[in-house]
Amino acid sequence: MTLAAVLCCAITMPMLTSCTIEDNPVPVTDDLPFTYDSEIDYSVRPGDDFYKYALGQWLNSSNPSPSISKQIQEEMQQVHNNMLNTSTAPVMVTLRSQVDQTLKDDSKNKALLSERLQMLEQVTTADQLFKAFETLQSLGYSPLFRLIPYGDEGKKGINIITSGAMTQEVARYAARKDNKSMDSVITAYCSHLDALGYSQERIEQITECAIAIEDIEMDAYNYRLETARHPQPITVTRRASSDEGDKEKTNAILKMMGATDQELKEPVFDKGTNDIASMLEAFAVIDEYPMYVEVFRDYMIYNVLAQDLPFVPSINKQANRTDMLNNALRYNKYYQYRLLTESYGKDNICKQQCQDIMEKMRKNFISRIDNLDWMSASTKDKARKKAEAIKFYIGYPDQWNDKLTPKVDGDGLLATVTQLRQNAVQTISSVRGKNTDELGWDLWASMAQFTTDNAFYLSTDNSLIILPAWITKPRFDNDLSEATVYAVTTTFGHEFCHAFDADGAKFDENGNYRNWWAPTDLAAFEAKQQIMIDLFNQLEVYPGLMANGKNTLVENMADYGGMELALECYKQRLNFFGFTGTRYDEQIKKFFLSYAQIWKGEEELDKSLLKYYYENDDHSAAHNRVNGMMRLQDDWYRLYDVKPTDKLYVAPQDRVKIW
C-alpha cells in the first residue's frame, strides 16, 4: 500500500476496503453517501414485496432513471469509442490512418472483396469447394465452422461451433430467436451484391442459400440469453463415423480449421442428433451430393460479403469511421482487451480489492463446508479440494503477452483487417489443447470482451472470470457506503457458487465431468434443490404467470450462495470495526436495499419483456431474484418485521439452507 493510500484510509474512513485488516478496529459510523433509500415506497410492506418496497419510487416514475447496467453500457461504449479514436498504440494509429484513407478512396478494398467473391463464384465441384474453404480459413474467415480451445463436459474431443452470427446484427436477432428479422438482415447484406455486378436472379439464389444455412447454424446454438451474455459458446462435437472414408474426410476438414495431428488421434464422442454435427458430416461427403455444392458455396459468398462489406463505404453507405475501426479491431479480442485496459486505466478497475474479497469468500465457503451437518467427511474433502482449486481471473492480466500483438501493415484497410483475422485465428490455435493454468489470460482475453458487464464461471476449467466493467463505477463504487460495495460482491459469490450448483457440482476440481459425491450426500443435496424449486414456484413473474423454479434452479442456487458469502464477509467487516446494535442493523438494511438496486432492470417496466425473459433466460425475473433471496435471510425477517401474514413469509424450518 502506498503512503498516499494509507493517509487516505486514515483521513477519510476506516471502513474503506482498501485499508488492510491490520488497521486498528475502532467504532465508526458509515458516513459515506447512501442514496438507495430515496426510491423506497413506504406504502408497500417489505414482507409482501421487498423489490417494490425498495424500488417503488423508480417503478412508479413516469421518467425512471436508467439502471446501473444501462449506465455501464453507456459508459463502456464511450470508453470503447474513445480508445478507438485516441489510442496512440501503433496498431490503432495505423488503423485510423487506413480508415481515413478508405473514406476517401476504398477502391483497394472493393477490388479485394470482388476478387474473393469471384474466387468463390468459380466453385462448381466438391474439390473446388474444399479448396475455397481452405483458402478462406487461411484468410481467417471461418466460413462455416470454427474450433474452440476447450472441451465439453470435461471429456476429450474436437469441439466446434458454428461460425454463424458473424455480424452483430445477425447475432442480436439470433439471441432473440427472431429468425424473421435475422433473415431480413441477410437479405439486406446480399442486396449489396448489385453494386458488385451480380444479377438479381443470382442475388436471390445466394440469399436463399445463405438464409437456409444461417437458420440451421442459429438453431444449433439453441440460444438462451445466458449464452448470449457469457463468452461461453454452445459446443458441439465431431460425431464418430462408422465409415473410415467419411472419417478421413472429416479429419481433413478439421485439419483445415486448425486441428492438430494429436487432436485428430483423440477419441471422439457422439453428442447425439445435432444440426451442426450433421452439417459437418454433410460437408465432408459433399462430393456424394453435388447438388449441395452450390448451397455451401453461396453461403460462403454471403459470409465473406457480410464480413468485408463494413470496409467498403462506397457500397455500404452506413459505414462510418468509428464503426470501421470497431469492426476491424473486434476480430482480435485479446489486443482489443489490452487497448481498452490501458485506455480506461488500471486504477479505475478494482482488481486487487476484488481479488481480496474473492479469497475471503473462498475461505468462508470452505469454513461453511466444514460445518455442514448434511454432508459426510469424504464429500466435504472433495468439495473443499474443489473450492481451493478454483482459479480467479479478475479484471485484466498482470502481464500482457507481447507475442499476441497483431501485425498491421496490409496494402489497404481490408488487407490489414485480414491480418487481424489471421492473427486472431493463430492466437486461438496457439492455446488449443494446452493447459489453461499455463495459458491464463492468453485464453480468456482472446474470448471475453472487456466492455461486457458480467462475470462467469466455467465448470470445465474450474475458473472464475470477472470482467472489468463489473468492477468499475458506477456499479462498484468505493465513494458510496461500503454496504453498496458488498452488495455488488454477491455477484462474485454467485459465480463462485456456480461451482457447486445443481450443474457445477457434477464437475470435479479439474473440470472433469465426474460424480464425486457420496450417494447419501447427493440425495440430501438434491432434496435441498427441490425445496429451492418449490420456493421459487410460489413466486410470480407477473400476475397470472408463476415462476418456473426448475428452469431457474441453477441461477437461484448461485444467487443464494452469493448472498450468503457476501453478507457473511460484510458482517465480518462490521464486527471488525466495532459495529453493534442499531448501527450494525442499519448497515445490514443498507446492504439489502443495495442488493435490490443491483437488479433494477428496464425489463421490470415492461410486461412483454418479463415474459420474454421468462421464456428465454435461465435467471429468475429481477424482482424474484430479490424477493426470493430475502425470504431465505433470517436477518431480513428481523430487520423488517416480516410476519407470517406477509406474502413472502417462509417459516424458519422451511427456509432452505444449503451452504
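Rings of Phe, Tyr and Trp count as a pair when their centres lie within 6.5 Å, with the six-membered ring standing for Trp. By that rule, this structure holds 42 aromatic pairs. Keep in mind as you explore that you are looking at a predicted model.

Let us begin with one of those pairs. Phe-34 and Tyr-36 come together edge-to-face, with 5.7 Å from centre to centre and 65° between the planes. Both Phe-34 and Tyr-36 are buried. Now turn to Tyr-337 and Trp-441, whose ring centres are 5.7 Å apart and whose planes meet at 55°, so this pair counts as tilted. Where do Tyr-337 and Trp-441 lie? Tyr-337 belongs to helix α16, which covers residues 333-344, and Trp-441 to helix α21, which covers residues 441-447, so the pair ties together parts that are 104 residues apart in sequence. Like the previous pair, Tyr-337 and Trp-441 are both buried.

Ring pairs link Tyr-334, Tyr-337, Tyr-344, Tyr-393, Trp-400, Trp-441, Trp-444, Phe-450 and Phe-456 into a cluster.

Together β5 and β6 make a hairpin with four residues between the strands. In that hairpin sits Asn-462, with a positive phi near 50°. Is Asn-462 buried or exposed? Its relative accessibility is 0%, and because buried means under 20%, Asn-462 counts as buried.

Ser-142 is a residue other than glycine with a positive phi, near 50°. You will find Ser-142 in the loop between α6 (126-138) and β1 (145-147). At 9% relative accessibility, Ser-142 counts as buried.

The peptide bond from Lys-473 to Pro-474 is cis, with omega near 5°. Pro-474 lies in the loop that runs between β6 (463-466) and α22 (482-488).

Further along, some side chains deserve a look. Asn-616 is in helix α27, which spans residues 607-616. Its side chain reaches the backbone oxygen of Tyr-612 at 2.9 Å. With a relative accessibility of 7%, Asn-616 counts as buried. Charges and rings also meet here and there. The charged end of Arg-625 sits over the ring of Trp-599, 3.9 Å from its centre. Likewise, the charged end of Lys-589 sits over the ring of Tyr-640, at 5.2 Å from the centre of that ring.

Finally, step back and take in the whole protein. Its secondary structure comes to 29 helices and eight strands. Of its 659 residues, 57% are buried. Among contacts between residues at least 6 apart in sequence, 75% join residues at least 24 apart. The accessible surface comes to about 27700 Å², and 49% of that surface belongs to carbon and sulfur atoms.

Definitions and conventions
Residues numbered from 1 in each chain as written. Predicted model: local features only at pLDDT ≥ 70, side-chain atom pairs only at ≥ 80, totals over all residues. Heavy atoms only, no water. Helix = DSSP H or I, 4+ residues; strand = E, 2+ residues; numbered from the N terminus. Buried < 20%, exposed > 50% of the residue type's maximum accessible area, 1.4 Å probe, protein only. Contact = heavy atoms within 4.5 Å. Areas by Shrake-Rupley, 256 points an atom, 1.4 Å probe, with all protein chains shown as cover. Polar contact = N/O pair within 3.5 Å; in protein donor to acceptor, adjacent residues only side chain to side chain. Pairing = 2+ DSSP bridges. Phe/Tyr/Trp six-rings, centres within 6.5 Å; stacked < 30°, edge-to-face > 60°. Lys NZ or Arg CZ within 6 Å of the ring centre and 35° of its normal.
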